[in-house]
Amino acid sequence: MGSEEDPVKKTQVVNARAQNISHNVRCTECGSQSIEDSQADIAILLRKLIRDEIHAGKSDKEIYKKLEEDFGETVLYAPKFDMQTAALWLSPLLVAGTAAGIWAYKKHRQKTNVHIMALNLVRGVPLTPNEKQTMLDLLTPPPSRGNIPSSWWRRWREQ
């Protein structure tokens, strides 16, 4: 009875591994579908190749490597992190950091330039750089020490 369950279990494990790998491999003909979802001839052949490789005793990593060598790096949905793909992986962080920096700079400039703009309007003549710095020093309130917010979130909201 135990020997009858072994081939069934082995087949289920092979099918599960093959489906997992197939979901992570892009169809070279369709481009937008995984080979598990595609009915293109090449997808059917790749699914068979994956099952054959699993039956041959190869690991998932070896199968991915073989597919990548045969069809190129774009066949995998998750490209590896190396010097060629570093821009792809890091671009969201760079964009978010740049946007945050621009926002913080504009917020800071908006706070400090209000006083100078008011003085320029009253006086009618633009201030010299020394006058601007003196006015900023005089008109910018010192940081409050008595009422320290308990979290960075409150400090950010008060700005």
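Biologist: Which pattern does the chain follow along the sequence?

Modeller: This is a predicted model, in which local features need pLDDT of at least 70, side-chain atom pairs count only at pLDDT 80 or more, and totals for chains, interfaces and linings use all residues. Residues are numbered from 1 along each chain as its sequence is written, and side-chain values use heavy atoms, leaving out hydrogens and water. Helices (H or I, at least four residues) and strands (E, at least two) are DSSP runs, numbered from the N terminus. The chain has 6 helices and 0 strands, and its pattern reads α-α-α-α-α-α.

Biologist: Are α2 and α3 parallel or oblique to each other?

Modeller: Axes are lines fitted to C-alpha atoms, for helices over the stretch in contact, and angles run from 0 to 180 degrees between N-to-C directions. The axes of α2 (residues 41-55) and α3 (residues 60-71) come within 11 Å and cross at roughly 140°. Angles under 35 degrees count as roughly parallel, over 145 as roughly antiparallel, 65 to 115 as roughly perpendicular and the rest as oblique. The two helices, α2 and α3, are therefore oblique.

Biologist: Which residues of α3 make the contact with α2?

Modeller: Contact means heavy atoms within 4.5 Å. On the α2 side the contact is made by Ile42, Leu46, Leu49, Ile50, Glu53 and Ile54. On the α3 side it is made by Ile63, Lys66, Leu67 and Phe71.

Biologist: Is Ser38 buried or exposed?

Modeller: Ser38 lies in the loop between α1 (2-23) and α2. Leaving aside neighbours within four places in sequence, Ser38 is in contact with Cys27, Cys30, Gln33, Ala43 and Arg47. The relative accessible area of Ser38 is 1%; buried means under 20%, exposed over 50% and partly exposed in between (1.4 Å probe, protein chains only). Ser38 is therefore buried.

Biologist: What is the relative accessible area of Asn24?

Modeller: Asn24 also has its place in the loop between α1 and α2. Not counting residues up to four places away in sequence, Asn24 touches Tyr64, Val75, Leu76 and Tyr77. Asn24 is partly exposed, and its relative accessible area is 33%.

Biologist: How far apart are the end C-alpha atoms of residues 86-105?

Modeller: UniProt, in an unreviewed entry, lists residues 86-105 as "transmembrane region"; such annotations may be inferred rather than shown by experiment. In the model this stretch is 100% helix and 0% strand. The distance between its end C-alpha atoms is 27 Å.
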